[in-house]
Amino acid sequence: MAGESVPEGPDLKELGEEELWELINDNRHRLSLGVRPCVVIPYLRQARVLTEMDEDEILSSHNLTNRSMRTSHMMDLLRTQGRNGAVALLESLMIHYPTLYTQVTGHKPSTEPSRFSGLIKYSELTEYLIRAVTGMQNELQEARCEAGKMSSRCTSLESEIQQIMEHEEKSRCLQLEYERIHRHLSSLQREVTQLKDEKCDLYVRYTAAIEEKSAMSMRLHELNLQIYQLQTELQTAQTESDFQKRRSLRCVPFTEASQLQEEVRSLRCQLVKIEKLNPAHQDILAQDLAEALDSQVELGSQLRCYREENEQMHMEKQELLDQNECLSLQVQQLTLDCNMHQQKSTVIQNQMRELQTERDQAYLSRNEAQTQIARILAEKDILRSKMMELQERAFSANAQHNKEWQTSNEKGISWEFTISKSENSSFPNRRRLSRMDAICPLSVNSFTSECEDLASSVRSRNVEPPSPQSLRRREGTLYESSSMELAKTDDSSLDDFEILPSVLSEDHTPSKKYAPDGTKIAYSLDKNSAPPFLVRSRPKAVRISGRVVTIAFQGEMLLSQIAVIGGNKTGVFVHEVTEGSAAHTVGITHGAQIVEVRYQQDQKSLRMVLEDSTSEEALWALGQVIGLCHLSLRPRQDDYEVLLQQLQENHMSSGDSFYVRVNVTIPASSKGTLTVSCNDILHVTNTRPTGTEDSWYASQVHPCQLLALQSGIVPNYYRAQRLLIHAIEEMNFQTSNCQKEGHMVAQNTHKAVRIVSTGRKGRNPLWVSVENEKSKSTDSDETSEPRSCLTLMPYTPVTPHFPPICRPVLLLPSILGRILDKKVAGWQGFELCEPEMLSSSDHAARLQKSELLEECEQGRNCYYTLQSVEKVMKKGIHCILPLGLDCVRRLHRAEIFPIIIFISQSARSARKLKSKLHRLNWSEEHLLVCSRSEETLLDKLPCLYHHVAPDSWCDQTSLLTRLRTVIWEEQRKIVWVEPDLW
């Protein structure tokens, strides 16, 4: 538009007022968008067409939210000045906006004095132009300084780049050297592998040779055996032949004898041949014998090595046996030490019990001493009153003595006799005051009887444990001593005192007056009786409430034996105990807090901690008890009485108090259920309201304060879980019927359901007591509920946070956030988060500390860190985060809670930002895809976010105005954060 040719217009000096303003109004839209009021107002003030009040109204009015509105209002004020206002406006455009001046008037701008109208004097105009030129020169100088700084920065960066390149070259050389060494190492490894293979082959050959040697030795042994057998047979044959020869010589004929001799000769020849072996065979046998001897030597050396190894193993075995004996001795010593420590702990516990007994006795002695001191003070007051009476008698006696002295002067009686007589009659001998005993003798009998009672009580020193009757008697005694009421008198200052009637004598006992209803009114005393002495009552002794007592008993139908009240805020207390039950037999009384319950089920030990459990959870846990159970109790009588008082005064309906975030829209029903929407915050104050079985009593929370808005009944966890599953099934059914109709339903029921899953399967994720998830129910639907628990959560526990400073701002989708971040950062009170350049060591250190939020897209080694965010927040302004959704959990871990604003997109709203997107090389499709992908991730955030509808803004200016309002509203709200459910 600036480059368009504008036709020459008429001379401005010839135009009238209406014509000038018509010319301005024709270009009003162009002027509203292009003119900044803060630039032209100094000239208009110099021309005296605007006043200081007009300037303040234009620049500081809250109704004028953007620059276009301020410019339009300025032109409206100039319209009231007539022709001077129009001329001054055009002259200011000629000076500061020459292009816009040409487009409006059709004339080229000129700084000649003749072209000005004369509203400003020549000297003032010259001074103004000089100031304008000076300001531009200053800006130019600042720009040059900035350019110099940037050039020096570029030089430093180039030097750093050069250093990095040198470092990279060194790294490349080291890499090449490393590769060379690696190749050499690989070759050496291959050679070592070859040597190992050759060594293995040699071992194989050596083994084969040893086996062959063994075979040859065996063969030699067999041959020796054969030789021995042949020699034996030869001897046998010789013997037989000799016998036959002798026999034949006796009885055999000569022919036969000759035949026999020939046979003998042949046999002898054969025997000689057999005895004379082959020399080659003998050499082979000799060689085998030598090898056998060598193998025998080697086997002897191996046997010697084996013997040495056996001796070494025997020595190691002996050392291990010695170590085992040392360890056994240490174990025995540790066992003795453990037994000793146990005995010491038992002795210490006994001493603690004795100290507690002595402490109680000291309290009793102190109370008795205080009573005795009170009696002594009362006697002192009585003696003082008697002394006052005696002084009055003395004064009256003196007065009577004066009268008698006067009469004696008249009658002549000696006054000395009168004085002695009056002294003898008026001042009798008084008992001298003396210190009384610290302990009243009357209390010895009561103390003795009390000690006799203590012999069978909890505080006795006997070996036998106390009986249940003594436990109950001791607890009743403690309660009676701790619940002493103060005496009521007419005077409000006597509320902290009690009356000791024992101080008074039997003749002067005060009489109490009672009203018809039995209430005490006052004490009435005789005129001459001593007043009752007022003693300040001792405050209640501080009891140790941290001790936990574990009691074992048969817990069949435990809820029929005891009744409980309370919740996760106050603790679960025993409220009533059934007379004659097992719980009553073991001494369980009301006012004890149930800390833990343990029992066995299906040969498994189950443990349930009820210290922070809700009323619903505690009732379910106690209903699961079967058989023998161990109940851990903590005495908290004072807290129990406070809870009862609050319940009676309707300050609370139970002891439960926790906050949840609703994940499914629940409409109102005929039963009077409270209407809640998805992402609402509820304050649950009763998990077992009277008259309902599967409901909670809750109230909606004010977004900016912890105040209840609307209260009512809501479904409990399991019924709400069924409603959530039903809503999901209904949405899937509607979507499958018709795609178009399903799209409409999805738009109409937006955020009707929030899918939240957890890794705590098999039980209620809101419960903390159940330790074993395989517990089986023994009752009806109430006890079987944890078995049906799924991963879908209709309620999510949340905790409130109150950020003390301005919270960071995160704009989504991320593509649109990149467009709007710089615009929002230009506002007053906002600043864009700047990335930091980190070295590799700093990056590793920050990464280990989880201080890195995201890597910058502009360049390498630039990261957004927690320190950069905190630096902006310390200034007391909002930090604009050019980041994605991944940074939210990292910020939460650092106790930084950003304002998350999601600007929903449609095809129509995306077309409004077409030009902005094209400048950054993006299209409308990219924006829509980014919006849909990030919208699915919003439900997984552990905090709430603000949703801006696409039809709530028409252009970028209205969107920025809307964002300013949203940020101001979100800053006032409470931040509700979910815990980690995995």
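Which residue of β21 does F830 stand opposite? In this predicted model, the residue facing F830 is H878 of β21. The pair belongs to the parallel pairing of β17 with strand β21, residues 878-881, which extends over three bridges.

That pairing is one part of an open, parallel sheet of five strands, arranged in the order β17-β21-β16-β22-β23. The edges are taken by β17 (830-832) and β23 (946-948); each has a single partner strand, so one side of each is left without a neighbour in the sheet. On average, and with direction ignored, neighbouring strands of this sheet are turned by 30 degrees against each other. Helix α27, residues 956-972, packs on the sheet and touches β16 (809-812), β17, β21, β22 (899-903) and β23. The direction of α27 makes about 145 degrees with that of β22.

S613 counts as buried because its relative accessibility is 0%, and the cut-off for a buried residue is under 20%. The side chain of S613 reaches the backbone oxygen of L610 at 3.2 Å. Once neighbours within four places in sequence are left aside, S613 is in contact with G567, N568, V572 and A618.

These sites belong to a chain whose secondary structure comprises 27 helices and 24 strands. Of the 982 residues in the chain, 32% are buried. The accessible surface comes to about 64,000 Å², with 53% of it belonging to carbon and sulfur atoms. Among contacts between residues at least 6 apart in sequence, 69% join residues at least 24 apart.

Notes: Residues numbered from 1 in each chain as written. Predicted model: local features only at pLDDT ≥ 70, side-chain atom pairs only at ≥ 80, totals over all residues. Heavy atoms only, no water. Buried < 20%, exposed > 50% of the residue type's maximum accessible area, 1.4 Å probe, protein only. Polar contact = N/O pair within 3.5 Å; in protein donor to acceptor, adjacent residues only side chain to side chain. Contact = heavy atoms within 4.5 Å. Helix = DSSP H or I, 4+ residues; strand = E, 2+ residues; numbered from the N terminus. Areas by Shrake-Rupley, 256 points an atom, 1.4 Å probe, with all protein chains shown as cover. Pairing = 2+ DSSP bridges. Axes fitted to C-alpha atoms, helices over the stretch in contact; angles between N-to-C directions.
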